[in-house]
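Here are a few friendly notes to read alongside the model. Please keep the viewer open and find each residue as you go.

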Amino acid sequence: LWCTRLAHLLGKVEGLIAQRKQHVQQLDDLLKSVFLEMFGDPILNPHGFPVGKLSEFYVNPKEGTKCGPFGSALKKEELVDAGVPVWNMDNIASGGRMALPFRMWITAGKYDELAAYSVKDGDIIVSRAGTVGKMCVARMNEQPAIISTNLIRVRLGDRLRPLHFVSLMLYCKGRVGRLKTGADGAFTHMNTGVLDSLEFPYPSIELQDQFAAVVEKVEAVKSRYQQSLTDLEALYGALSQQAFKGELDLSRVALLTAPIEGESPVATAVPAPITTPVIELPETDLLLPALQDSTQLAPLLRFWLEAYRTQLGSAAFSLERFIAAAQTRLAELHPDNDFEWAASDYEYIKAWVFEALAAGALTQAFDDDGNRIELRAAAEQSLA
């Protein structure tokens with residue numbers, strides 16, 4: 001009975017941990033959807049934003065990019081137990097987030113010597129080793145710091161928001177080489193030259209700031225979820241250790257499936273997950289001919305568009321989400337095929353949309369919150 005109670009208790013905590021991880025992932029997916037809705041796929045640039053090199057946005061050429069100190073500039077014996085923090089690759093978390101705590105420090109005197117490698121609020125920190133190209137925005141609250149050997153610091157002027165650039169790179173993951181990262185277009189290494197030559201579309205500062213405001217609100221929620229996840233994982237570890245040592249009293253753990261009178265079920269404390277539609281584009285014999293001959297792309301797009309329409313439910317039709325899903329599916333099914341979208345492909349999609357509207361498979365509705373016309377699916381109609 002004791003083992004059953006222990007398994008029941010740990011199972012409850014495991015369930016809450018899994019839910020928290022799901023919530024964090026759903027918030028990441030939400031931000032990606034917002035980015036694609038506002039700016040479109042950066043590779044395709046459907047909104048026609050101007051394109052520029054990253055080097056055009058530096059605060060000044062000398063402070064634009066800086067590789068961490070090499071060789072004897074930062075010796076192991078000069079590291080101390082506390083002082084000025086040194087950024088390492090561990091301080092760049094997945095999802096473009098800054099990760100604490102710092103694990104390396106130098107003295108104030110050594111910092112003065114290495115001030116050229118300093119980190120300020122708003123600097124972008126990029127990994128050039130290990131997971132190449134991983135990056136985040138530094139939030140130092142005016143605390144001095146420097147970068148270590150395997151990192152690059154990018155310092156931008158006021159025409160490009162660091163958060164926008166990091167988000168753009170994050171949502172181009174796996175396809176960054178398509179953004180002209182050098183003569184051969186490869187992205188297997190990272191240095192200041194690669195960053196200087198990186199070309200990408202950039203919207204107005206007003207649009208960048210609108211996206212930043214959304215990110216700030218979502219990150220505040222995600223921070224609470226992340227802290228809850230950390231607490232739950234710590235609780236699971238503590239319970240496991242106490243059980244192993246025989247210090248855990250499980251006599252009050254109920255095994256009833258129904259809620260105990262006067263208590264609320266544990267699940268009620270967990271907020272409902274955020275649902276975002278996942279686009280599943282099926283494999284089809286139309287794919288290979290389309291990859292071999294661009295004139296055969298129209299049948300494939302029609303097939304996938306109809307599959308997407310049937311999955312919309314109450315969500316609005318989004319060209320950006322469809323293109324991103326199609327690009328991802330192409331990369332999954334044929335990773336060695338460097339497929340390029342052309343302007344005529346959008347004409348195929350536009351023709352399908354007008355045909356779907358005429359047939360009643362898509363309907364137009366006014367979104368009061370967004371002050372715009374949206375396209376929605378009519379489940380009873382089909383173009384097949």
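**Notes on the fold**

1. Start with strand β7, which is covered on both faces: Ile124 and Val126 on one side, and Ile125 and Ser127 on the other, are all buried. Buried means under 20% relative accessible area, exposed means over 50%, and partly exposed is in between (1.4 Å probe, protein chains only). In a regular strand the side chains alternate between the two faces of the sheet.

2. A word on what you are looking at: this is a predicted model, in which local features need pLDDT of at least 70 and side-chain atom pairs count only at pLDDT 80 or more, while totals for chains, interfaces and linings use all residues. Residues are numbered from 1 along each chain as its sequence is written, and side-chain values use heavy atoms, with hydrogens and water left out. Helices (H or I, at least four residues) and strands (E, at least two) are DSSP runs, numbered from the N terminus.

3. Where does β7 sit? It belongs to an open sheet of 4 strands in the order β2-β10-β7-β8, with antiparallel pairing. Two strands pair if DSSP finds at least two bridges between them. The edge strands, β2 (65-67) and β8 (135-137), each pair on one side only. From one strand to the next, the twist averages 20 degrees; angles run from 0 to 180 degrees between N-to-C directions of axes, which are lines fitted to C-alpha atoms, for helices over the stretch in contact.

4. Now look at the neighbours of β7. Strand β7 (residues 124-127) is joined to β10 (residues 151-154) by 4 bridges, and to β8 by 3 bridges, also in the antiparallel sense. Val126 stands opposite Ile152 in β10, and in β8 its bridge partner is Met135. Ser127 stands opposite Leu151 in β10.

5. Helix α4 (residues 162-171) lies across β7 and β8, running at about 155 degrees to β8. Contact here means heavy atoms within 4.5 Å.

6. Which residues have the most contacts inside the largest nonpolar core? They are Leu54, Val154 and Phe165, in a core of 37 residues. Such a core is a set of buried Ala, Val, Leu, Ile, Met, Phe, Trp, Tyr and Cys residues joined through side-chain atoms within 4.5 Å. Helix α1 (2-39) gives the most to this core, with 8 residues.

7. Helix α9 (residues 319-333) has 15 residues and reaches 21 Å from its first C-alpha to its last, close to the 21 Å expected at 1.5 Å a residue. The expected span is 1.5 Å times one less than the number of residues. Among its buried residues are Phe322, Ile323 and Leu330.

8. Finally, check some backbone details. The peptide bond from Leu100 to Pro101 is cis, with omega near 10 degrees, and Pro101 lies in the loop between β5 (97-98) and β6 (105-106). Asn141 has a positive phi of about 50 degrees although it is not a glycine, and Glu142 has one of about 70 degrees. Asn141 is exposed, with a relative accessible area of 71%, and Glu142 counts as exposed at 75%. Most residues other than glycine have a negative phi, and most peptide bonds are trans.
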